[in-house]
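The sequence and structure are shown here.

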Amino acid sequence: NVSVVLFTSDLRLHDHPPLRAALDSAREIVPLFVCDDGIIDIGFAVPNRRAFLADCLADLDAGLRRRGGRLVVRHGDVVAQVCDVVTQADADEVHMAAGVTRYAQRREERLREALESRGRHLYSHDSVVTAVAPGAVTPQSSDHFAVFTPYHRHWARQPLRDVLGAPRVVRVPDHVGSDEMPSRDDVPGVAERLPSGGETEARKRLTAWLRGELAQYARNQDDLAGDATSRLSAHLHFGTVSAVELVHRTRRVRGPGADAFERQLAWRDFHYQVLAARPQAATVDYRPRNDRWRSQDEAAQEITAWKEGRTGYPVIDAAMRQLRHEGWMHNRVRLLTASFLTKTLYVDWRVGARHFLRFLVDGDIANNQLNWQWVAGTGTDTRPNRIFNPLAQAKRYDPDGTYVRRWLPELAGLPGPSVHEPWRLPAHERAAYDYPEPVVDLSEGLARFKHFRGLG
Ligand code: FAD
């Protein structure tokens with residue numbers, strides 16, 4: 001008998017419950033990935049994530065080949081392709097990760113119906129994409145946690161399944177046809193410093209992280225120039241690292257660094273459980289505060305300056321340029337740039353969320369949209385009217401300006417923290433720097449925010 005394993009956001013061989021279940025029940029399996037037209041149609045398959053995905057698929061195929069198998073890749077409608085593979089392979093069952101977004105849940109429902117009408121069975125497995133499955137812990141009075149701290153308390157007490165090893169041998173029937181494998185080289189418009197994808201790369205980074213900088217994470221996590229976070233987000237997004245394995249291995253390290261890092265992993269699951277319960281929060285305010293964002297026509301020039309890294313606030317501009325060059329940004333500057341757009345410029349969070357999703361290699365509906373809502377004050381933040389002051393934050397998290405100078409070469413001549421306030425230079429010195437005036441005065445931004453939010 002034959003089983004199909006449909007890979008989605010879980011492009012790995014280690015700790016993969018659907019793969020293990022399929023290998024336990026069948027002599028041969030078909031490891032399948034479908035380049036899904038649905039995801040391409042909604043515009044989610046942007047160059048940075050397509051390139052990273054191509055790396056992941058190439059590495060998954062190589063790992064399967066080392067074990068005697070191969071990856072079958074198809075292009076098209078996911079349900080039609082899975083059914084075609086099931087027929088070609090004469091498979092009895094399909095195994096996959098349980099969907100944690102509305103798109104993935106609908107895909108699973110459509111697939112289940114189509115397979116059952118053909119007398120085949122779909123098994124979906126929890127805790128493949130997240131450590132704790134959405135809905136596994138709930139408060140007494142609701143279907144999800146709306147506040148992080150109590151969620152984290154419950155999350156930390158939740159038993160985790162054991163970590164599974166990678167299979168030794170995989171047998172794939174010869175006659176199942178595969179389309180051409182996507183290649184990074186065929187994707188135009190990729191960020192010049194985009195990292196490489198794939199499980200091999202992910203495991204190297206994971207091991208180095210656990211043995212190295214994790215211990216100092218609590219102290220260094222917000223040091224912008226030190227760049228001392230794990231950079232595992234894209235690997236978690238594509239599932240080349242398992243969240244369950246990451247939590248288990250982090251717990252073994254122990255200490256303040258491990259505790260702080262584990263807490264960040266809980267944030268990831270937190271947002272997934274909010275989105276699973278309230279799928280509309282991907283586009284609609286989770287907690288409506290107002291519907292009076294500034295008109296995008298009126299704010300057009302400021303929005304463009306923000307996107308292009310020309311706001312005149314060096315830490316904001318450095319971050320927005322890093323996004324374009326690397327397809328990634330540090331969490332602290334994601335907070336600052338999002339606060340700047342939604343609170344200082346008072347522009348709708350959806351404008352910023354869309355721009356981030358166009359470039360972020362870890363761009364993820366749950367974590368991007370809900371973090372944007374958190375910052376905009378329409379989400380789960382219990383202090384929705386806080387505003388990050390970009391200047392105070394820059395001086396605190398980039399005290400000698402190293403991060404800013406790295407991304408704004410035009411300001412490289414400004415020493416130490418003076419790089420954060422080029423507007424303080426005397427006019428004749430300023431003229432030497434090809435750098436814009438601030439697009440907005442911070443106190444004017446604050447007054448506008450208070451006005452729109454109806455705060456005295
Ligand atoms: P580390 O500091 O090493 O953290 C480890 C892991 O914990 C991360 O890889 C991530 O999976 C998780 N994590 C950390 N912080 C958060 C958080 N605030 N929310 C949820 N999970 C978290 N993260 C994404 O994965 N995809 C996104 O699209 C995304 N968009 C964001 C948009 C905004 C406006 C903000 C403020 C944050 C966003 N984040 C997003 C969360 C966070 O910024 C990134 O996960 C983090 O910067 C990735 O770098 P890292 O892997 O080095 O993180």
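According to an unreviewed UniProt entry, residues 1-130 carry the feature "domain: Photolyase/cryptochrome alpha/beta". In this model, which is predicted, the span 1-130 is 48% helix and 23% strand. The C-alpha atoms at the ends of this span lie 30 Å apart.

Next comes the sheet. Five strands with parallel pairing make up an open sheet, in the order β3-β2-β1-β4-β5. Its edges are β3 (72-76) and β5 (121-125), each of which pairs on one side only. On average, neighbouring strands in this sheet are turned by 25° against each other, with direction ignored.

The pairing of β1 with β2 can be followed in more detail. Strand β1 covers residues 2-7 and strand β2 covers residues 28-36; the two run parallel and are joined by six bridges.

| Domain | Residues |
|---|---|
| domain 1 | 2-124 |
| domain 2 | 130-160 + 199-277 |
| domain 3 | 300-453 |

Between the C-alpha centres of domain 1 and domain 2 the distance is 25 Å. Their contact takes 16 residues from domain 1 and 16 residues from domain 2. The side of domain 1 that touches domain 2 consists, by class, of eight nonpolar, four polar and four charged residues.

The last topic is the ligand. Which residues are closest to the ligand? They are Thr229, Ser230, Ser233, Asn368 and Asn371, out of 28 residues that surround the ligand. Two or more residues of this shell come from each of the helices α9 (233-238), α11 (256-277), α14 (331-344) and α16 (365-376). In terms of domains, domain 2 and domain 3 each give at least three residues to the shell. Sorted by class, the shell around the ligand holds ten nonpolar, 13 polar and five charged residues.

Conventions
Residues are numbered from 1 along each chain as its sequence is written. This is a predicted model: local features need pLDDT of at least 70, side-chain atom pairs count only at pLDDT 80 or more; totals for chains, interfaces and linings use all residues. Two strands pair if DSSP finds at least two bridges between them. Helices (H or I, at least four residues) and strands (E, at least two) are DSSP runs, numbered from the N terminus. Axes are lines fitted to C-alpha atoms, for helices over the stretch in contact, and angles run from 0 to 180 degrees between N-to-C directions. A residue is near a molecule or strand if its C-beta atom, placed from the backbone, lies within 6 Å of it. Ala, Val, Leu, Ile, Met, Phe, Trp, Tyr, Cys and Pro count as nonpolar, Asp, Glu, Lys and Arg as charged, and the others, Gly among them, as polar. Domain bounds come from an automatic or database domain assignment. UniProt positions are given in the numbering used here, feature names are shortened, and annotations may be inferred rather than shown by experiment. Two residues are in contact if their C-beta atoms, placed from the backbone, lie within 7 Å.
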